[in-house]
Amino acid sequence: QAQLVESGGGLVQPGGSLRLSCVPSGFTLNYYTIAWFRQSPGKEREGVACISNSNGDIFYGDTVKGRFTISRPDANTVNLQMNNLKPEDTAVYYCAADPNLGPKNCLSRNYGNWGQGTQVTVSS
């Protein structure tokens, strides 16, 4: 079955860094737009970062701009480097992918493939 697998989550102190990775299992990500979302209890799902496969455009959520960096070192790996982490960054982080065309801002797209998520906890 086609799946996305996230890794790299964990516990980190405020100001620390983590790097999340997303890789496919059972399929390839050629022509897919990839995004990271996050969700914490009682809050709506929030777009974190995305990279468009059509033109490589990158978009970030306002709350992570300047701190997080999305990258795609190869077609089947998408990383999210998270620096200067804050307690409010605590959430389950999900990788999402979709091959279909969508809005220019890929954070506004609908995604058909989702990973199970990886927990990021920022706490002293």
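I count a residue as buried when its relative accessible area is under 20%. With that cut-off in hand I went to strand S5 and found it mostly covered, five of its six residues being buried. A reminder to myself before going on: this is a predicted model.

**Entry 1: the whole chain**

I started with the secondary structure. The chain has 11 strands and zero helices. Read along the sequence, the pattern is β-β-β-β-β-β-β-β-β-β-β. The radius of gyration is 13 Å, close to the 14 Å that the globule rule gives for 124 residues, so the chain is as compact as a globular protein of that length. I also looked up the box: along the principal axes, the C-alpha atoms fill roughly 40 × 30 × 30 Å.

How much of the chain is buried? Of the 124 residues, 43% count as buried. The chain exposes about 6500 Å², and carbon and sulfur atoms supply 45% of that. Then I checked contacts with a separation of 6 or more: 59% of them are between residues 24 or more positions apart.

**Entry 2: the open sheet**

Next I traced a sheet of four strands. The sheet is open, its order is S1-S3-S8-S7, and the pairing is antiparallel. Strand S1 (3-7) and strand S7 (68-74) are at the edges with a single partner strand each, so one side of each has no neighbour in the sheet. From one strand to the next, the twist averages 20°.

I zoomed in on S7. Five bridges tie S7 to strand S8 (residues 77-82), and the two run antiparallel.

**Entry 3: around S5**

S5 is joined to S4 by five bridges, and the two strands run antiparallel. Ile34 has Ile51 in S5 as its bridge partner. The hairpin of S4 and S5 has six residues between the strands, and in it Gly42 takes a positive phi near 80°.

S5 also pairs with strand S6 (residues 58-60), in the antiparallel sense and over three bridges. Here I found Ala49 opposite Tyr60 in S6. S5 and S6 form a hairpin too, with six residues between them, and Gly56 in the turn has a positive phi of about 80°.

**Entry 4: around S9**

- S4 pairs with S9 in the antiparallel sense over seven bridges, and Phe37 stands opposite Tyr94 in S9.
- S11 is joined to S9 by three bridges, running antiparallel; Val92 stands opposite Gln119 in S11.
- Strand S10 (residues 113-114) is joined to S9 by two bridges, again antiparallel, and Ala96 stands opposite Trp114 in S10.

In soluble globular proteins, nonpolar side chains tend to be buried together. I went looking for that here. The largest nonpolar core has 26 residues, and Ile34, Trp36, Val48, Phe68, Leu80, Met82 and Tyr93 are those with the most contacts inside it. Two or more residues each come from strand S3 (18-25), strand S4 (33-39), strand S5 (46-51), S7, S8, strand S9 (91-98) and strand S11 (118-122). S9 gives the largest share of this core, four residues. Apart from this core lies another of seven residues, among them Ala35, Cys50, Ala96 and Cys106.

What does Ile34 contact, leaving aside its neighbours within four places in sequence? I noted Leu29, Ala49, Cys50, Ile51, Ile70, Arg72, Val78, Cys95, Ala96 and Ala97.

**Entry 5: a loop residue**

Last, I looked at Asn110, in the loop between S9 and S10. Is Asn110 buried or exposed? Exposure counts from over 50%, and Asn110 has a relative accessible area of 69%, so it is exposed. I also took a distance: the C-alpha atoms of Asn110 and Gly10 are separated by 27 Å, the two residues being 100 residues apart along the chain.

How values were computed
Residues numbered from 1 in each chain as written. Predicted model: local features only at pLDDT ≥ 70, side-chain atom pairs only at ≥ 80, totals over all residues. Heavy atoms only, no water. Pairing = 2+ DSSP bridges. Axes fitted to C-alpha atoms, helices over the stretch in contact; angles between N-to-C directions. Core = buried A, V, L, I, M, F, W, Y, C linked by side-chain atoms within 4.5 Å. Buried < 20%, exposed > 50% of the residue type's maximum accessible area, 1.4 Å probe, protein only. Contact = heavy atoms within 4.5 Å. Rg over C-alpha atoms; globule rule 2.2 N^0.38 Å. Areas by Shrake-Rupley, 256 points an atom, 1.4 Å probe, with all protein chains shown as cover.
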